Amino acid sequence: MSSNESIRRIAVLLALALLPAACTTVRYQAEGDQNQQAESQPFDRAVSYRVERAFYRTPPNCALVLPLKTKLKDSRAARTIENAIGRQLSTRIDRVIVPGARDRIVRRIAVDPATADGRRRLADSTRCDTVVEAETTGIETTYALVWAEARFGLTVRMLRARDGALLWRASHKAQRSEGSLPLSLFSIPIGAFQAGKFKNDQDVFPSMVEDVARRIMASLPDMRGMRDSQVTGRR
């Protein structure tokens, strides 16, 4: 068997081994669940989350999206992430103070949302009982001529505004790739074209951000209409 044939055979086996990863569905794993941790597999797309008891004792009726914690120098990328969080929060909570509205209020009352006192004052001014903070290292990319990959991870926390108590947190990392294994001379230009197109696609980042935010928020209990139903039940 020639060396080229051996390389091609190894590449085929590698491709077959990676195939199940493309079919893996998103799995939700509660922190501390040993059974689910034991069942986790390579390439597993898991959302790790935790809902504290305090969440149910003082269920949120409003969420204020705080500025993103990140070292990203691109303010537009940071705003893309904040806006995605705000949109997805609105599918779980009736009232959400989105980044644009937050910034207008910050300028009007002159507070620093990066400080505990500033967050409390901001929450008081909006009559919002919880704040939501997110943290990311940004998007990580790998480019190797015939293969391109992008990874994006995000951690989101919901805190009670009056005392900073943790109510819920979740984290998730998404991965996308494009290209092909160089099984022959003919596949190299095809893989290079696909990888290059993926690398230069400006829609990859916002699409990944939206997917990650949506998956993370799916672990947050849906509180829409809960306040009204509680009031109705007391009548």
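A disulfide is taken here as a pair of cysteine sulfur atoms within 2.5 Å. The model is a predicted one, so to speak of a local feature a pLDDT of at least 70 is needed, side-chain atom pairs count only at pLDDT 80 or more, and totals for chains, interfaces and linings use all residues. Residues are numbered from 1 along each chain as its sequence is written, and side-chain values use heavy atoms, with hydrogens and water left out.

Searching the whole structure turns up 1 disulfide. It is formed by cysteine 62 and cysteine 128, with 1.9 Å between their sulfur atoms. The torsion about the S-S bond of cysteine 62 and cysteine 128 is about -85°, so the disulfide is left-handed. This pair ties together distant parts of the chain, 66 residues apart: cysteine 62 sits in strand S3, and cysteine 128 in the loop between H6 and strand S5 (130-135). Helices (H or I, at least four residues) and strands (E, at least two) are DSSP runs, numbered from the N terminus. Cysteine 62 and cysteine 128 are both buried, where buried means under 20% relative accessible area, exposed over 50%, and partly exposed in between (1.4 Å probe, protein chains only).

As for the chain as a whole, its secondary structure comes to 9 helices and 8 strands. Of the 235 residues in the chain, 36% are buried. Among contacts (heavy atoms within 4.5 Å) with a separation of 6 or more, 66% are between residues 24 or more positions apart.

Alanine 110 is exposed, at a relative accessible area of 60%. Leucine 145 also has a positive phi, near 65°, and is a residue other than glycine. This leucine 145 is placed in the loop between S6 and S7 and is exposed, with a relative accessible area of 53%.

Next comes the second largest pocket. Rolling a probe the size of a water molecule over the atoms shows where empty space is left. On a 1 Å grid over the protein atoms alone, a cavity is a set of points where a 1.4 Å probe fits but cannot get out, while a pocket is an open set with protein on both sides within 12 Å along at least five of seven lines; lining residues have an atom within 4 Å of a point. The second largest pocket holds about 320 Å³ of space, with grid points joined across faces, edges and corners, and the volume being the space filled by probe spheres set on the points. Its lining has 14 residues, and Ile139, Thr141, Lys199, Asp201 and Phe205 lie nearest the centre. At least two lining residues each come from strand S6 (139-143), strand S7 (147-160), helix H7 (187-199) and helix H8 (204-217), with S6 giving the largest share, 4 residues. The lining splits into 8 nonpolar, 3 polar and 3 charged residues; Ala, Val, Leu, Ile, Met, Phe, Trp, Tyr, Cys and Pro count as nonpolar, Asp, Glu, Lys and Arg as charged, and the others, Gly among them, as polar.

Valine 204, in helix H8, is buried at 9% relative accessible area. Leaving aside neighbours within four places in sequence, valine 204 is in contact with Ala150, Arg176 and Phe198. Glutamate 140, in strand S6, counts as partly exposed at 31% relative accessibility. With neighbours within four places in sequence again left out, glutamate 140 is in contact with Glu149, Ala150, Arg151 and Lys173.
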